[in-house]
Amino acid sequence: MADTVVLAGEGAIWVQPDGPNTELMYLGCHELGDIEEPLGDVRLLYCSTEDPNRYEVIDSLQETPGGVTTSMLTDVRKVGDTMEIVRCPVPLYVNVVSCGKKNVFDNWDRSFGLQKSWITRRVLSRLTSKDPETQDKAAQTFDITAETLQRVFEFNVSQLAIAETEDLLDITFCNSERCVGSCGDALAACSHGYVSGGVLAGSPINQADLWETETGGLSWAIGANKPFGAGEVVASLVCFEKDKNTTRVLAARGTTDAGNPMEVAYTDDDGLAWTNVNVGSVNGQYATGPKSLFVLDFFNIWLCTTGGYIYKSEDGGATWTAQTSGDKTSQDLNAVEFFGSKYGYAVGDSNAILKTETGDVWSLVVGPTLQAGVDINTVAVLSRFRVWIGYNAAGRMYYTHNGGTAWFDRSHTGSGSGAVKEISFYDEYFGAMLWNNAAGAGTFMVTINGGTTWKSLATPITHPNAGLNALYICNPLKIFVAGDAYGGTGVILRAVGLVG
Amino acid sequence: MNISIIRRDNDFVFAEWHEDDMPVRGHIPLNVVNGDEVLDAAMSLAIPYGIDWTFYLEGAGCHISERVAMCLRKANVWTLQDVIRNPAAVDGALKQAYSLDFQVIMKLAKDSGGI
């Protein structure tokens with residue numbers, strides 16, 4: 001069918017001269033040559049056999065690939081070209097646009113992102129001619145080598161069935177992609193995961209459920225036992241490898257318990273048995289959001305709570321040590337995230353932002369002045385300097401490129417009302433966010449250019465819901481979202497890049 | 001607004017001031033602090049510190065929450081941890097708050113000639 005084929009005339013080239021999450025420039029009268037993406041040669045590994053001079057292949061490996069190469073051709077005009085003044089490695093995008101204007105970035109059907117593109121050579125052609133037969137347009141070519149080529153396909157968003165009747169508060173997945181081999185069968189990214197349910201309002205006996213999938217969300221089974229007591233929800237959920245045979249699921253209680261301190265629970269057997277652990281000693285403390293827990297690995301787990309507390313566990317959640325004790329701020333902290341084990345940010349009520357550059361010593365950061373007194377729901381830490389935060393009012397999200405010295409508002413289709421519930425990034429380019437409007441219904445958006453523009457994948461019209469709470473990015477081709485109960489069950493949305 | 005700086009904390013000062021007669025503490029960005037003065041408009045940048053006792057006690061059905069809140073803060077009880085650390089101060093604050101009621105009732109009784 002004709003509409004399945006991409007035509008060269010549908011390709012739109014964009015560049016971000018100052019890097020991800022900066023101004024996008026449309027390169028209209030430009031053309032890209034072939035994009036060559038080496039994936040690495042395959043080297044065969046041999047062993048000698050019992051027969052003289054005979055060898056057998058015992059294994060193979062893929063060698064390190066080189067950079068992605070291409071070249072860009074354009075005219076030499078009387079004014080300079082954007083590419084002529086590029087000095088640093090920049091993101092380039094080739095967006096396939098079949099409908100709408102090519103100079104609107106988010107009209108892409110699919111996109112090819114040439115991340116960190118270096119110009120390695122510039123060639124000027126036909127600048128002069130000595131006779132009419134060689135007279136032609138002067139042209140210039142830029143040879144380009146990029147670090148990687150990120151392919152983003154058009155997304156298909158569907159709601160997955162689950163029998164949970166309460167709100168779904170957090171969602172997490174535990175496995176990465178695996179090829180068939182000595183470790184087992186082939187496994188797609190995000191095959192194995194969990195989602196946490198809320199509790200029936202007002203019920204004295206209802207306990208929050210944990211649901212597990214081993215089919216990438218296509219089916220969900222309720223856990224045999226519950227992590228917490230009656231009326232207590234799971235606010236935050238993470239999983240990580242304890243050893244090569246054991247995946248640990250760690251849950252944080254999201255309801256206050258006046259007679260007990262903060263509590264987490266973990267299971268090493270998919271929810272059959274839970275070990276409950278008290279965290280700290282301040283009664284009534286609890287976790288408030290899906291990003292209250294952050295896990296880097298078994299030895300580096302952080303938890304933020306009400307009252308301005310940040311705890312760290314270095315033993316898979318079995319014991320916890322307070323890193324802040326309401327001394328830096330007494331505001332409730334709603335989300336914590338790290339880049340590596342040293343650079344972390346925690347955000348909370350009343351515009352409270354804490355950061356650490358050592359992994360343990362925290363200090364307050366001055367937040368955006370216009371958001372004084374506004375609660376922050378979420379944080380995404382892309383690097384030591386690049387951080388995003390999302391607010392609980394006016395749908396605001398802000399970013400910093402200098403570690404919190406200056407903050408900038410990034411508008412999106414929902415700016416001005418509602419709440420940004422979660423922001424997460426897969427890398428410096430690909431991210432997703434959830435925005436609930438003033439009525440509480442959620443929209444799910446993605447960015448492929450580091451945050452300069454955000455494209456809605458699911459809205460209350462296309463995917464009716466009563467509020468979206470948490471998201472999990474498996475890779476730029478697969479994202480999961482959990483939300484409040486709507487139409488009788490909790491909402492799980494899955495966005496997958498269309499293949500086929 | 002006059003503030004009393006308790007300590008400096010990197011890019012903030014941790015300070016105490018009064019709103020009406022209520023003691024208030026918070027972290028104020030250093031760049032809006034001029035000696036012990038902060039422009040009223042800039043006070044919105046302060047990140048409040050401590051439990052909002054009024055809200056807390058009203059939620060618990062306490063009708064004299066504002067006075068109790070004031071006495072708690074004047075007794076240096078700012079957080080739930082302060083409550084656990086120094087229950088005697090809480091006890092003292094409550095006695096002080098309720099003693100005001102007692103004095104008012106006694107005065108009313110005397111004024112009315114009941115004694």
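Here is a short chat about a predicted model with chains A and B.

Student: Let's start with β29(A). Which residues point one way from strand β29 (residues 397-400) of chain A, and which the other way?

Tutor: In a regular strand, side chains alternate between the two faces of the sheet. That pattern shows up here: Y398(A) and T400(A) sit on one side, and all of the strand's residues are buried. Pointing the opposite way from that pair are M397(A) and Y399(A).

Student: Is T22(A) buried or exposed?

Tutor: T22(A) belongs to the loop between β1 (11-15) and β2 (25-27) of chain A. Its relative accessible area is 15%, and the cut-off for buried is under 20%. So T22(A) counts as buried.

Student: Which backbone oxygen does the side chain of T22(A) reach?

Tutor: Let's separate two things. Leaving aside neighbours within four places in sequence, T22(A) is in contact with Q16(A), H401(A) and T452(A). The backbone oxygen its side chain reaches, at 2.4 Å, is that of G19(A).

Student: On to the interface. About how much area do chain B and chain A bury between them?

Tutor: Interface size is often given as the accessible area lost when the parts come together. Here 16 residues of chain B are in contact with 21 residues of chain A. Carbon and sulfur atoms carry 58% of the buried area, and the total is about 1400 Å².

Student: Which residues of chain B lose the most area to chain A?

Tutor: Three residues together make up 32% of what the chain B side buries. They are F12(B), I47(B) and Q81(B).

Student: Which residue of chain A forms a salt bridge with D9(B)?

Tutor: The count between the two chains is 1 salt bridge, alongside 5 residue pairs in polar contact. For D9(B), the closest N and O atoms are 3.6 Å apart, which falls inside the 4 Å cut-off. The partner is K328(A).

Methods:
Residues numbered from 1 in each chain as written. Chains lettered and ligands numbered in written order. Predicted model: local features only at pLDDT ≥ 70, side-chain atom pairs only at ≥ 80, totals over all residues. Heavy atoms only, no water. Buried < 20%, exposed > 50% of the residue type's maximum accessible area, 1.4 Å probe, protein only. Helix = DSSP H or I, 4+ residues; strand = E, 2+ residues; numbered from the N terminus. Contact = heavy atoms within 4.5 Å. Buried area = accessible area lost by both parts, 1.4 Å probe. Salt bridge = Lys/Arg side-chain N within 4 Å of Asp/Glu carboxyl O. Polar contact = N/O pair within 3.5 Å; in protein donor to acceptor, adjacent residues only side chain to side chain.
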